[in-house]
Amino acid sequence: MRKYQILILFPILLLLTDCVKSKADAGVPDSVLSLLLVSSLLNSDSGPCTAIESIQPNYIGAWSPNGNVYQFTEIHPVTLNRNRPMVQVVLENTDYAFGGLFPFWYLDRNNYYSGFLNRDLASYIGYNTHTSMLPYAKDTTYATDPAVSISNTREFSQPLGVDFNFEFPFDVKATFINSCREMDNDEVNFQTSDALSSMSGLNQAWAKEKTLDVNLIFVNGSNGSSYPIQSEQAIEVALNKWRENFSQSSVRIKINVSVTSADLYDYDMIFDLGTDTGYPGSLGGLFKTTSFIGKPNALNVFIVKEELQYGGVLGVSGGIPGPATLLGTRQSGVAVFVDSHRLYSNSGDVLTYDEQLLLGETLSHEAGHFLGLWHVTEANGDYGFIADKDPLRDTPTCHFSNDINLDSIVDLSECLGGSGTNSGGKNMMFWSGTVGFTQGDITAEQGWILRLNPLVY
Ligand SMILES: [Zn+2]
């Protein structure tokens, strides 16, 4: 019963030591961005505030960071300050031009040698679609390679930048999603600290309660319905577990749920949990073809009967992060699989109380991914590399030496140590879960990332 993230399946491909990226001339004016859409509610409390800019990039050269040839664009400016505290980039290619693509960030957009890898690229280069964000952590030195320092709490932005790299640039698109909700004072002043005990990071109390709107979509088709009763009340135990997790003082986000049902005949069973393509039966296809039922300012959660690629996957997020407020991309949503949550009940029946609690943990976990959180430790354990764990200082990690049964995986039972060896098994973002076990720990820094997401207001 794993809730592992499908995005982690690709190996590390890009090493900065291979960075022989030589480019012609810099000096890109800030006005180079063509503004297609800006939706801004200014800091009202009625919904998210985002500025969205989509561009079709121009290519100015090529390089081979991992043996494959990538076309790269000029460097585009990125703004991060206390009024624009978080930015996501979404790269999209057509389904059939199958190839790698990634953003490459710059600490100083006027200096090609200031490039760095973000947490997402430390583990994975996207195929046909990829998301990234800044910041991934309050202390960004933990999130990048090489370690750089990024502040989003000042009045003015550092001269950050990003360029876009495509193996087969054909009809490609890059989209910036910038949050325009000013940070609260305690979010500006928040400081992280190292995880030293089982209680690390759990004592934070944010002053203001925020809100996340959630659009729950029960998916039905020829395989039957995803759940016998399709209402908020029918899965109230699960939703209340999610609400309880997110209402903790280290998070303080109210979950505001609306429920709908949809007949989606290609997606009542998911055969392919990838988002590389939008083909029927794939997760990417589900997210890509359902903008008619999605809500742009909400987290769209698809409740699906089962997945058939692995069997037993509890849920998947379209991305880390998922593209906030953007519908109709291959990464626009999360999916949870009802039948993977069954231990006692039969397919087609309502879930038992304990099974619903696990569903609540899965909803919390996948929402965490969509809003920008990584697993505290990936399944192979912490060897000290960026890709082994989340980029946060205050979350516990599970060292590979905890793998007592030597199966090369750090199981839940192997990551429950106390102070010093406490290893994150009880954290919401542990990589696996099981019926009857609570994983509600959310640290202050995890809460800080969740609260800054453009969808949270
Ligand atoms: Zn996960």
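Modeller: Before we start on the helices: an axis here is a line fitted to C-alpha atoms, for helices over the stretch in contact, and angles run from 0 to 180 degrees between N-to-C directions. And keep in mind that this is a predicted model.

Colleague: Fine. At what angle do H3 and H5 pack, then?

Modeller: About 45 degrees, with the axes 7 Å apart. Helix H3 covers residues 236–247 and helix H5 covers residues 353–370.

Colleague: What do you call H3 relative to H5?

Modeller: Oblique, because of that angle: under 35 degrees would count as roughly parallel, and 65 to 115 as roughly perpendicular.

Colleague: Is the crossing of H3 and H5 left-handed or right-handed?

Modeller: H3 goes past H5 in a right-handed crossing.

Colleague: Let's switch to aromatics. How many aromatic pairs are there in the whole structure?

Modeller: The search finds 17. One of them involves Phe 176 again, with Phe 164 as its partner. Their ring centres are 5.8 Å apart and the planes sit at 70 degrees, so the pair is edge-to-face; the cut-off for that is over 60.

Colleague: Where in the chain are Phe 164 and Phe 176?

Modeller: Phe 164 belongs to strand S10 (residues 160–166) and Phe 176 to strand S11 (residues 173–179). They are 12 residues apart, and the pair links distant parts of the chain.

Colleague: Are Phe 164 and Phe 176 buried or exposed?

Modeller: Buried, both of them.

Colleague: What about Phe 430 and Trp 431, what kind of pair is that?

Modeller: A tilted one, because the planes are at 40 degrees, with ring centres 6.3 Å apart. Phe 430 counts as buried at 0% relative accessibility, and Trp 431 is buried too, at 4% relative accessible area.

Colleague: Which residues do ring pairs link into a cluster?

Modeller: Trp 63, Tyr 70, Phe 102, Phe 104, Tyr 106 and Tyr 112.

Colleague: Last one: which ring does the charged end of Arg 119 sit over?

Modeller: The ring of Trp 374, at 3.9 Å from its centre.

Note on methods: Residues are numbered from 1 along each chain as its sequence is written. This is a predicted model: local features need pLDDT of at least 70, side-chain atom pairs count only at pLDDT 80 or more; totals for chains, interfaces and linings use all residues. Side-chain values use heavy atoms; hydrogens and water are left out. Rings of Phe, Tyr and Trp (its six-membered ring) pair if their centres lie within 6.5 Å; planes under 30 degrees apart count as stacked, over 60 as edge-to-face and the rest as tilted. Helices (H or I, at least four residues) and strands (E, at least two) are DSSP runs, numbered from the N terminus. Buried means under 20% relative accessible area, exposed over 50%, partly exposed in between (1.4 Å probe, protein chains only). A charge sits over a ring if NZ of Lys or CZ of Arg is within 6 Å of the ring centre and within 35 degrees of the ring normal. Angles under 35 degrees count as roughly parallel, over 145 as roughly antiparallel, 65 to 115 as roughly perpendicular and the rest as oblique. A crossing is left-handed if the near helix is turned anticlockwise from the far one by less than a right angle, and right-handed if clockwise.
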